[in-house]
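Please read the briefing below next to the sequence and the 3D view.

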There are 2 protein chains.
Amino acid sequence: MQATLEEEEPLTVAIVGGGIVGLILTIGLLKQNVKVAVYEQAQGFREIGAGIAFTANAIRCMESIDQDIVTALRSSGSVATSDGNGADPNDYLRWIDGYNQLNQDDPHRQRMLYKINAGLRGFEGCRRDQFLESLVKLIPRELVHYGKRLETAEEPTEGRVQLKFVDGSVAEADAGILTTLVRVQFGSSANLSPDLVIGCDGIKSRIRAVLLGADHPACNPGYTHKVAYRTLIPMGDAVAALGQCKAQNQHNHVGPYAHLIHYPVAGNKFINATAFISDLCDWKDEKMVTEGKKEDLTSAFANWNLCVRNVVSLSPEKLEKWAVFDMWEYPAPRYNKGRICVAGDAAHASSPHHGAGACIGVEDCLCLTNLFGEISRTVGQPPTQKSQGIRTAFEVYNDVRRTRSQWLVNSSRRVCDFYHQPEWADESKWIKAETCFEELKDRSYKIWNFDYTSMIEETIQGYRKKMAAKNNLGSQLGEFES
Amino acid sequence: MQATLEEEEPLTVAIVGGGIVGLILTIGLLKQNVKVAVYEQAQGFREIGAGIAFTANAIRCMESIDQDIVTALRSSGSVATSDGNGADPNDYLRWIDGYNQLNQDDPHRQRMLYKINAGLRGFEGCRRDQFLESLVKLIPRELVHYGKRLETAEEPTEGRVQLKFVDGSVAEADAGILTTLVRVQFGSSANLSPDLVIGCDGIKSRIRAVLLGADHPACNPGYTHKVAYRTLIPMGDAVAALGQCKAQNQHNHVGPYAHLIHYPVAGNKFINATAFISDLCDWKDEKMVTEGKKEDLTSAFANWNLCVRNVVSLSPEKLEKWAVFDMWEYPAPRYNKGRICVAGDAAHASSPHHGAGACIGVEDCLCLTNLFGEISRTVGQPPTQKSQGIRTAFEVYNDVRRTRSQWLVNSSRRVCDFYHQPEWADESKWIKAETCFEELKDRSYKIWNFDYTSMIEETIQGYRKKMAAKNNLGSQLGEFES
């Protein structure tokens, strides 16, 4: 038997990408007594103000990984996205006719279409940068390396994974010339390279390209033909635009080829309003975010209900225009290769219409931390080899996670199609259009009611079975050889 | 208080349409001590050989309505659609790549795509005409009236529903002239007209037109742009065409713009093979079934896998071409109006791609029989009036049944779109195409695992609540009047 990795030493993991998924995974692996280092290309957390929300289910997954993660979320000012009122403290998702103007004396009157009860604290939202800051405090400072942009990763059949970074401190223009091999530091020990790599490097993942080959079509996420414009509106203005009840609770205004979603943030002082608009053209720009014009927004909603036009009129003149990309057209055929894998958006970048992209990434983390807990309890005990354990773990991870996470990518596209049905503008088609809500409910429940305990069970049993099969085969081969 | 109906007498129900749903409902209502008569436009059961299958869940619904219905099903020669083998007695649904020819020595080799376990006797199939004959034996002969084609039905605010039939014994061409008012017979009593009418008169329902108005777009089911060709093939030929395993078990061959489904029937002596082909054109013919040509079938599958071409080559030269229609584009806005309602295909005609159209109709029957059980236990006891009880029951029926049954119509279209994905012909898109199966599984489970006990509970509680509210309101109004 060839021991290609240092069997006596603890596992050493490199995580590429220090976003929500990368940091949660780091915290989870540290708790399982695995040595981890994180490599983040940015110099720090530069984003300001972008919001992120988690389902109650995802928060329970965090709790199962490490209670400290939930503490970090709450300490970064997370609030339930809908406050409800005294009589009913639950969170709801609401869909409302954003297009048709009812012929009523009350100009704020809109047709309520559907409502789903997401339960107590069904969604909790916070600012992304604040959550990242709280998370990073849970990780020993020396394990997080900023300004490290991955150039290549190689996984030889024997020996450790080799990572090459472009030092982010050099100017991007010169990056190609100044490539250096960064010596990966694991706490106090100084290894040149880790036992394995997990790519949590987002929609434009480099690790995905390493894993699938740079020419694979899944390396280029596709344009969903939707653009988004986001605005923060002071609550007083929002109440004037929408009426008090709508302003203070989450609402999703649907209509032909567009929708507008808003919910209260910052302790009810603002509403966060995001408009999504269908776009028949291709996206030519290299960047996914460009400068947008208010007139594009107002013209897209020109014939809509007064409330929606009111909200849109409160946008600033200059605003950011986000192109929504995802991996729908070319999903990754696998999330693993040898001792490399991808998690979160790097594996299954989705459009945001279920508000659950990061939640599914948290589920990935829960699966991986349980696998590495199992490995760190069993490797070093013959006949298990590290290398075989890692490869097997990643096979199981791929089996357990790929179906559900790629379902989310499809489902997010599907529900946006529902929101943008042209039928909303044609009264004779309203009944047809409204039949979408049963499916929308089922899809939401599939996300919210995920049985993560069963997933953990499936993960651990899957790993043990595969390892037993491999070891049996190994010892049988050994017998034949002797 | 105005007693518009004869409060002391048992309820009298006219069921228009003596198909599967009409007969099951009749048996269910008779068991609840309701007086029923059935009006069927055909002179008898003339269909020969067409098959029908029920899920295990629908059979449990039948059992809940009346155990005799299940006995009738089994006595009409129903068999589990897949026999499985000794080691695994379960039924499975299987999807298989019907298009691509694998470069293998075995010409029968095809790419297996997905399999769902439908459980023990997950599906039971029989000949439709045989099941109808077994069902009708459970109903007193004098209650079933053949050759009665409904012309109009009227529901005055007060008094009984008025039904007008065209006597089916007169030539159809003269029908318009020879319209006669048929005196409706309820057992030995001779009423002119029933307390209420339930339309189980199928996709071209006349009762639906009465209920919604003949001009309503839901009165004209739409072409799904799929045509179907069905063939019975002797098992020996089928084994030669497909190989033994595939011939003896249900398989669904998917490919670009078409699919072929087959399963063993008649005690494994034949396979029933149905091809569904996409059709971009409109359907111009008045009839939904016309004469088809084998060459249309062979040309649609010309580039497909050898096994599929083998099956297609076994079709006769002349065959029936079925246009698949449904109510997807214009769903009924309601299933009830006053003391008239619709059930089964009359309410929610679906394409057949879930194999569950009749099953959902059986669920309708279960809901209605429970409602009329409740009514017949409580009407005649003041303050409940018959008329109010019936109207309320139909409101509850509409609330309980419309969402799920219209979901099925959508879902059946959706799964056929999955089967016909053009991506099946493009290897670079296979991963994308295969992401459909998670959704397909969820949709199948939603049909198979229907919680009909909760539906019954919801139905009865819904009725009691509405009646209590109406009676309270009534007595309050009475107080104000006095």
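## Where the two chains meet

Across the interface of chain B and chain A, the rule finds eight residue pairs in polar contact, both residues being at pLDDT 80 or more. A polar contact is a pair of N or O atoms within 3.5 Å; within protein, one must be able to donate a hydrogen and the other to accept it, and residues adjacent in sequence count only if both atoms are side-chain atoms. This is a predicted model, in which local features need pLDDT of at least 70 and side-chain atom pairs count only at pLDDT 80 or more, while totals for chains, interfaces and linings use all residues. Residues are numbered from 1 along each chain as its sequence is written, chains are lettered from A and ligands numbered from 1 in the order in which they are written, and side-chain values use heavy atoms, with hydrogens and water left out.

**The interface**

- Helix H12 (386-419), helix H13 (430-434) and helix H14 (436-448) of chain B each supply at least two residues of the side of chain B that touches chain A. Helices (H or I, at least four residues) and strands (E, at least two) are DSSP runs, numbered from the N terminus.
- H12(B) gives the most to the side of chain B that touches chain A, with six residues.
- By class, the side of chain B that touches chain A has seven nonpolar, five polar and 10 charged residues. Here Ala, Val, Leu, Ile, Met, Phe, Trp, Tyr, Cys and Pro count as nonpolar, Asp, Glu, Lys and Arg as charged, and the others, Gly among them, as polar.
- The contact (heavy atoms within 4.5 Å) takes 22 residues from chain B and 22 residues from chain A.
- The size of an interface is often given as the accessible area lost when the parts come together. Chain B and chain A bury about 2100 Å² between them, 55% of it on carbon and sulfur atoms. Buried area is the accessible area (1.4 Å probe) that two parts lose on being put together, summed over both.

**Symmetry**

- A rotation of 180° with 0.0 Å of shift along its axis superposes chain B on chain A, with an RMSD of 0.0 Å. That is the relation of a two-fold axis. Copies are superposed by least squares on the C-alpha atoms of residues with pLDDT of at least 70 in both.
- The same surface serves both copies, as 100% of the contact residues of chain B recur in chain A.
- Of the residues of chain B, B:Asp442 comes closest to the rotation axis, with its C-alpha at 4.5 Å.

**Salt bridges between the chains**

- Side chains of opposite charge can pair when their charged atoms come close. A salt bridge is a side-chain nitrogen of Lys or Arg within 4 Å of a carboxyl oxygen of Asp or Glu.
- The structure holds 52 salt bridges over all chains, and the rule finds eight across the interface of chain B and chain A.
- A:Lys429 and B:Glu329 meet in a salt bridge of 3.5 Å, N to O.
- A network of salt bridges links A:Arg414, A:Glu439, A:Arg443, B:Arg414, B:Glu439 and B:Arg443.

**Salt bridges within a chain**

- In chain B, the side chains of B:Arg111 and B:Glu434 form a salt bridge of 2.7 Å, N to O. B:Arg111 lies in the loop between strand S5 (90-97) and strand S6 (112-120) of chain B and B:Glu434 in helix H13 of chain B, so the pair ties together parts that are 323 residues apart in sequence.
- B:Arg111 counts as buried at 17% relative accessibility, and B:Glu434 as partly exposed at 26%. Buried means under 20% relative accessible area, exposed over 50%, partly exposed in between (1.4 Å probe, protein chains only).
- In chain A, A:Asp97 and A:Arg111 meet in a salt bridge of 3.1 Å, N to O. A:Asp97 is buried at 1%, and A:Arg111 is buried at 16%.

**Two buried residues**

- B:Ser405 is in helix H12 of chain B and is buried at 0% relative accessibility. A polar contact of 2.8 Å joins the side chains of B:Ser405 and B:Tyr335.
- A:Leu260 is in strand S14 (residues 258-265) of chain A and is buried at 2% relative accessibility. The C-alpha atoms of A:Leu260 and A:Ala275 are separated by 4.3 Å, with the two residues 15 apart along the chain.
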